[in-house]
Amino acid sequence: MAQATQRASTPRVVVVDDDIDMRELIALTLRHRGFDVVAVADGTAAMATVVSDGVDALVTDLQMPGYDGVTLCRSLRALRTSPALPIVVFTGVGKNDARLEALRHMNDIRVLHKPMGLAQIAHTLMEMIPTAAPDSKSLRTVAHLSGMRASPTSPRVSTASLTRR
């Protein structure tokens, strides 16, 4: 019962990306915004987490080796336990890419194009998950805590605009 109470106030999100820096930066941002985050490196691990642990949403990269974002979304939609799981897909492919067409026909999926602001991912999840409450922490604080700096000239973050300390 305590776990259900915690889950009601703290949405659980799986973050999936084969790029460890991007995965950890997104996870840190979401944790800082009040989400309970499980970060995994591939679609197979994401499926196992969704099936065994139950989650409130999923954030995934589109392009990953093996079990990619489209395959992951299709597999999740086929599960009886998660047909309406909110999913945020981020990608660097163009808006007319054929893989995005497959996602347009699935419910509760939002696509964000890189470079996107990390706060945009959190905001999108807050819109999609009814129990998610906004937090006032800034992207700059999140980037600082992760040991990286956002480019001072742009509020957007991409792996190209990050610098290690």
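Where is Pro 86 found? Select it and you land in the loop between α4 (69-78) and β4 (87-91); helices (H or I, at least four residues) and strands (E, at least two) are DSSP runs, numbered from the N terminus. Before going on: this is a predicted model, where local features need pLDDT of at least 70, side-chain atom pairs count only at pLDDT 80 or more, and totals for chains, interfaces and linings use all residues. Residues are numbered from 1 along each chain as its sequence is written, and side-chain values use heavy atoms, with hydrogens and water left out.

Pro 86 has a relative accessible area of 11%, so it is buried (under 20%, 1.4 Å probe, protein chains only). Now show Leu 58: it sits 28 residues away along the chain, yet the two C-alpha atoms are 6.4 Å apart. Beyond neighbours within four places in sequence, Pro 86 is in contact (heavy atoms within 4.5 Å) with residues including Asp 56, Asp 108 and Met 128.

Next, pick Thr 124, in helix α6 (residues 118-128). Thr 124 counts as buried because its relative accessibility is 6%. Leaving out neighbours within four places in sequence, Thr 124 touches Val 88, Arg 110 and Leu 112.

Show Leu 25, Ile 26, Thr 29 and Leu 30 in α2, which meet Leu 118, Ile 121, Ala 122 and Leu 125 in α6.

Terms used:
Buried < 20%, exposed > 50% of the residue type's maximum accessible area, 1.4 Å probe, protein only.
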